[in-house]
Amino acid sequence: MRHRLLLAAAFLACGAAPALAANPFAAPSTLPLQAPMFDKIKDSDYAPAFDEGMKQQRAEMDAIAAQSAAPTFDNTIAAMEKSGRVLDRVGNTFFAVVQANTNAVLDKVQADYASKLAAHQDAIYLDPKLFARVKTLYDARTGLKLNPEQLQLLTIYYRQFIHAGANLSDSDKAKLRTINKRDAALEAAFQQKLIAATKAGALVLDDKAGLAGLSDDEVRNAAHEAEIRKLKGKFVIPLQNTTQQPLLLSLADRAVREKLFNARWTATEKGDKNDTRAGIAEIAQLRAQKAKLLGYPDYASYALYDQMAQNPQTVEKFLTQLVPATAKKIVEESKLVQAAIDQDGQHFQLKPWDWERYAERVRKAKYALDENQLKPYFELNNVLQNGVFYAANRLYGITFRERHDIPVYQPDVRVFDVFDKDGSQLGLMYFDYFKRDNKAGGAWMSNFVIQSKMLGTKPVIFNVANFTKPAPGQPALISFDDVTTMFHEFGHALHGFFRRPDLSHRVRHQCGARFCGIPLPVQRTLGAVSRRAQTLCGELQNPCGDPAGAGGQDQEFPDLGPGLCAGRIAGGVAAGHAMACPEARCAAPGCR
């Protein structure tokens, strides 16, 4: 994930000015592991903390650049790492909350400070004296007797300075500063418009008949969403930040499906205050100018400099290789879906809003797989406790204990202690899973506090998602895709807990973009082939029909419970389990 905290990543500060003394960000939090003091933080605290944090870090960076002593790793790179503690605290917290639980006040702070933070970052990376010290060290790196982490950190700093424009002329630096400030302001506006348009685009139905095909729980959710919006007697389907909407799978009324699809498709193209097209066009133009200024043929080349592909040509080659097979499969599947439409007695041409519903018919016919029948087995807390946590314990020996004494930014957020296999505390973990109208779309992981031996901090990490919140009193049932998302984002969290750098703090992902995403497919697969699959399936209802679960238990591998009846969740899952545990066999009726 992403991540959207990039503007704050480089800005950190130390100490508190008298004017900031009463601000919750002035000093490290007194909560366990310096977790944010959400019981004390007010929306009005962010702006003055940003101001003071930028002021302090700029003074610290000026002092590093101006010192007369020859540059060393400690007096330059390590000193930069230690700078900006106030800005770090406020930035980590603010950008987490503004993405997950924003309001009008926070939106204004984001709009007001996007350009200021961009200018602050440029003040650091375009400082010729500061860059001269970094370059001196980098040029002499082979003789400095640095350990591998120090060398990596120095290399990353040098490359970031170059990439940010440190070698530009003064006139080009001025142009770059202008571009970056405008780009930051437009990106902040885009994010706010996207959230607002998603909220405003929710589909409102006057009649319950339009919800035909939905489960009773889904109908209750739609009624509850209408109540929240004070639309008495109506039903509301909120939009997800994806092209295909989850309920397209179940809605029987084709006209309603079309309305729902188009509500998302055109949410930011209505010519209103939430229309993003002009902003996107200007962002593209600015970034093309920036790339040219920095010596790149296009912005894609600029952005890919430290990614696995490294250049657009590699990306296009990879995608081009995928196209023939992908197009062939789409044509094949389209014919199957169209046939399902015809077999249903309907006679219309397949459209995007029909795909989910009739592709499900194909899955039922070919694999006896019904997505809606799976949901009762995937109750959110059960997946978390007996799927995600269980797999992490079996693989790494870590354990989890929920806490109710740590303040949170929204009542749905849950907090857990995370312990290593020796019982020592690894960190704190926050989970914010339910969709809200004031939350950005998608799912992501980030930190309130970064792990750093140099600073003596342990990680305080959060996972955020957008699962449908049930109506009061109903279980939180999620899809298999949601289960996959939980495992994926928790994979990022595991990286945050297990990376234990001596130094790096401001340079967050030392492993580099080329590596960090690679373990995630493995982590996601754990959600599908977990040896404790029965716990993902059996709390609300035993999938093999035995109330005690014994009738479906695998005798050779007891932990398998109903022998991966859950393995029928999706095509290939059972095969994946067979590759992981080839001896395992299913004794349960109906498991194949």
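The following legends describe an overview and several close-up views of a predicted model.

**Figure 1. Overview of the protein chain.** The chain comprises 21 helices and seven strands. Of its 592 residues, 51% count as buried. The chain exposes about 27400 Å², and carbon and sulfur atoms supply 55% of this area. Across the whole structure, 30 salt bridges are found.

**Figure 2. Close-up of the largest cavity.** This cavity holds about 160 Å³ of space. Its lining consists of 20 residues, and those nearest the centre are Gln34, Arg89, Thr93, Phe448 and Val449. Two elements, α4 (85-100) and β6 (444-449), each give two or more residues to the lining. The greatest contribution is that of α4, with five residues. Sorted by class, the lining contains eleven nonpolar, six polar and three charged residues.

**Figure 3. Close-up of the second largest cavity.** The volume of this cavity is about 50 Å³. Among the residues that line the cavity are Leu194, Ile195, Thr198, Lys435, Lys439 and Asn466. Helix α8 (residues 170-200) provides the largest share of the lining, three residues. By class, four lining residues are nonpolar, five are polar and two are charged.

**Figure 4. Close-up of the salt bridge between Lys439 and Asp432.** Lys439, one of the residues that line the second largest cavity, meets Asp432 in a salt bridge with an N to O distance of 3.1 Å. Lys439 has a relative accessible area of 3% and is buried. Asp432 is likewise buried, at 1% relative accessibility.

Figure 5. The side chains of Arg403 and Asp405 form a salt bridge, at 2.7 Å from N to O. Arg403 counts as buried at 18% relative accessibility, whereas Asp405 counts as partly exposed at 48%. Through salt bridges that share partners, Arg401, Arg403, Asp405 and Asp417 are joined into one network.

**Figure 6. Close-up of the salt bridge between Arg287 and Glu187.** The closest N and O atoms of this pair are 3.2 Å apart. Arg287 is partly exposed, with 21% relative accessibility. Glu187 is also partly exposed, at 33%.

**Figure 7. Close-up of a nonpolar patch on the surface.** The patch is formed by Phe318, Leu319 and Leu322, which together have about 290 Å² of accessible area. Leu319 is located in helix α13 (residues 312-343). With a relative accessible area of 45%, Leu319 is partly exposed.

Notes:
Residues numbered from 1 in each chain as written. Predicted model: local features only at pLDDT ≥ 70, side-chain atom pairs only at ≥ 80, totals over all residues. Heavy atoms only, no water. Patch = residues over 30% accessible without salt bridge, like charges linked within 9 Å, V, L, I, M, F, W, Y side chains within 5 Å. Areas by Shrake-Rupley, 256 points an atom, 1.4 Å probe, with all protein chains shown as cover. Salt bridge = Lys/Arg side-chain N within 4 Å of Asp/Glu carboxyl O. Helix = DSSP H or I, 4+ residues; strand = E, 2+ residues; numbered from the N terminus. Buried < 20%, exposed > 50% of the residue type's maximum accessible area, 1.4 Å probe, protein only. 1 Å grid on protein atoms, 1.4 Å probe; cavity = no way out; pocket = protein on both sides within 12 Å on 5 of 7 lines; lining within 4 Å. Points joined across faces, edges and corners; volume = space filled by probe spheres on them. Nonpolar A, V, L, I, M, F, W, Y, C, P; charged D, E, K, R; others polar.
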